[in-house]
Amino acid sequence: MSSIVDVLTRLGLPDRVPAEVLADPYAALLPTPITSDPFFEDPADPADPDPPGTVLRSREITGLVPRPRTRLRQFAVASRDAQSRPVTVTASLMEPRRPWRGPGPRPVLVHNVAIDSLGSAATPSYRLVHGLGQDFPAVVPLWLQRGYAVLIVDHEGPRMAYAEGTMAGHAVLDGLRGLPSLDATYRDSPAVMYGYSGGAIATVWAAQLQPSYAPELPLIGAIAGGTPTNVGLLRETMNGTIASGLFGAAVIGLAREHEALADEFGPLGLYLATRIKNLSVVPLALGGLARLPLEALARDPNVFDSPVARAVIDANTPGAAAPTVPFAFYHGARDRWIPEHGVRTLADDWRAHDADVEVRRVVGDHFVGAVSGLPFVTRWVAERFTDSTRR
């Protein structure tokens with residue numbers, strides 16, 4: 001592994017880092033804002049923030065790919081980042097045009113996309129309008145076919161903070177908070193959250209934060225698959241492997257919410273980070289072919305044991321509190337990158353807080369398990385909505 005770093009160093013890449021990047025690494029790691037669509041620009045005044053969940057603007061739009069059987073509305077809400085600073089989060093609501101025939105109001109499926117990207121143009125709401133979605137597995141059509149309204153919140157936030165749990169949790173909960181202001185018919189709609197892989201991070205944190213951050217929400221359950229629960233565990237399975245591209249991208253995403261982490265990047269790390277900071281999941285994943293160990297890109301080769309890194313890892317390890325709604329995990333039995341024992345440890349931590357948690361092992365690795373677990377997912381979600389109408 002070190003030979004790759006040696007080659008990059010001999011090419012003089014660390015010496016090509018501009019002085020302004022070295023002077024302000026945090027600013028250099030932030031994504032380039034979207035300028036092609038004013039809806040995604042942020043005119044909010046951080047000095048006079050609106051309460052979380054306040055709808056700031058909305059629109060109904062068709063997008064690049066027409067969806068004649070589906071209505072698409074987008075809105076922006078006031079939220080809070082990982083440090084409780086005011087930010088604006090965008091979201092999309094997809095609804096079947098046919099009336100809901102079931103009992104009660106139309107249910108809401110909060111679909112947390114595995115964004116796994118660093119570039120602003122990869123945010124789901126932007127891609128719904130200006131391109132094609134890159135969700136995996138592509139289950140939104142299943143939710144719409146069942147008549148559910150599908151709420152997709154851009155949970156990485158305005159800085160595209162991939163893998164940062166608190167930012168994602170706040171974003172999802174505030175998107176759901178804002179839904180009744182967008183459309184009052186959803187005021188009493190039961191909501192279930194779903195997410196896989198990167199979307200599971202948002203689902204876990206939204207469920208854990210909901211009792212304290214947004215207890216008024218009509219959330220009745222959450223389900224997550226292929227869940228990364230601990231950055232420290234991922235270091236053992238992803239760092240320096242073919243999965244290192246996404247692992248490195250997650251570290252950049254964390255640094256966008258934890259500024260001190262940006263100062264841990266060495267010159268070579270900064271050079272590479274500023275070259276990939278606007279990429280989406282596919283090229284980031286392909287970057288793993290280099291199998292770069294992140295220690296070699298840091299100022300300190302023991303960076304993972306530094307006080308800064310430990311604080312960020314601790315802040316992004318769930319388990320200190322627990323959901324108050326039923327939660328289900330499913331995980332591929334042969335998943336070598338996302339350790340199953342991390343999921344089972346979190347489940348035990350939550351159960352110690354009296355949470356109702358189920359863990360289901362499904363066939364396959366991280367990718368096969370995403371599909372093989374879908375029968376369990378759809379059945380579990382349907383049962384939550386059915387149970388809600390019997391109360």
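Residues are numbered from 1 along each chain as its sequence is written. In this predicted model local features need pLDDT of at least 70, side-chain atom pairs count only at pLDDT 80 or more, totals for chains, interfaces and linings use all residues, and side-chain values use heavy atoms, with hydrogens and water left out.

Me: How do you know that the length of helix H7 agrees with what a helix should span?
Reply: Helices (H or I, at least four residues) and strands (E, at least two) are DSSP runs, numbered from the N terminus. The expected span is 1.5 Å times one less than the number of residues. Helix H7 covers residues 198-213, which is 16 residues, so it should span 22 Å; its end C-alpha atoms are 21 Å apart, and the two agree.

Me: What makes Ala207 the place of a kink in H7?
Reply: The bend at a residue is the angle between axes fitted to the seven residues ending there and the seven starting there. At Ala207 the kink is about 30°, and it lies shortly before the proline Pro211.

Me: Why is H7 called largely enclosed by the rest of the structure?
Reply: A residue is buried under 20% relative accessible area, exposed over 50%, and partly exposed in between (1.4 Å probe, protein chains only). In H7, 14 of the 16 residues are buried, so the helix is largely enclosed.

Me: Why are H6 and H7 called roughly perpendicular?
Reply: Two packed helices are described by the angle between their axes and the distance between the axes. Axes are lines fitted to C-alpha atoms, for helices over the stretch in contact, and angles run from 0 to 180 degrees between N-to-C directions. Angles under 35 degrees count as roughly parallel, over 145 as roughly antiparallel, 65 to 115 as roughly perpendicular and the rest as oblique. Helix H6 (residues 165-182) packs on H7 at about 65°, with the axes 7 Å apart. The pair is therefore roughly perpendicular. Contact means heavy atoms within 4.5 Å, and the residues making it include Gly165, His170 and Arg177 of H6 and Ile201, Trp205 and Tyr213 of H7.

Me: What makes Thr227 a buried residue?
Reply: Its relative accessible area is 1%, so Thr227 is buried. Thr227 is found in the loop between strand E7 (219-225) and helix H8 (231-237). Not counting residues up to four places away in sequence, Thr227 touches Ala200, Val204, Phe329, His331, Ile338 and Val343.

Me: How do you know that Val192 and Val381 are in contact?
Reply: Leaving aside neighbours within four places in sequence, the contacts of Val381 are Leu109, Trp143, Tyr148, Val192 and Ile223. The C-alpha atoms of Val381 and Val192 are separated by 7.0 Å, although the two residues are 189 residues apart along the chain. Val192 is found in strand E6 (residues 191-196), and Val381 lies in helix H16. With a relative accessible area of 0%, Val192 is buried; Val381, at 0% relative accessibility, counts as buried too.

Me: Why does Arg384 count as buried?
Reply: Its relative accessibility is 14%, so Arg384 counts as buried. Arg384 has its place in helix H16. Leaving aside its neighbours within four places in sequence, Arg384 is in contact with Val192, Ile220 and Pro326.

Me: Why does Ala320 count as exposed?
Reply: At 69% relative accessibility, Ala320 counts as exposed. The residue Ala320 has its place in the loop between helix H13 (307-315) and strand E8 (327-332).

Me: What makes the phi of Asp116 and of Ser197 worth noting?
Reply: Most residues other than glycine have a negative phi, and most peptide bonds are trans. Asp116 has a positive phi near 50° and is not glycine, while Ser197 has a positive phi of about 55° although it is not a glycine. Asp116 is found in the loop between strand E4 (108-112) and H4, whereas the place of Ser197 is in the loop between E6 and H7. Asp116 counts as buried at 7% relative accessibility, and Ser197 counts as buried at 12%.

Me: What joins Phe136 and Pro137?
Reply: A cis peptide bond joins them, with omega about -5°. Pro137 lies in the loop between helix H4 (124-130) and helix H5 (140-145).
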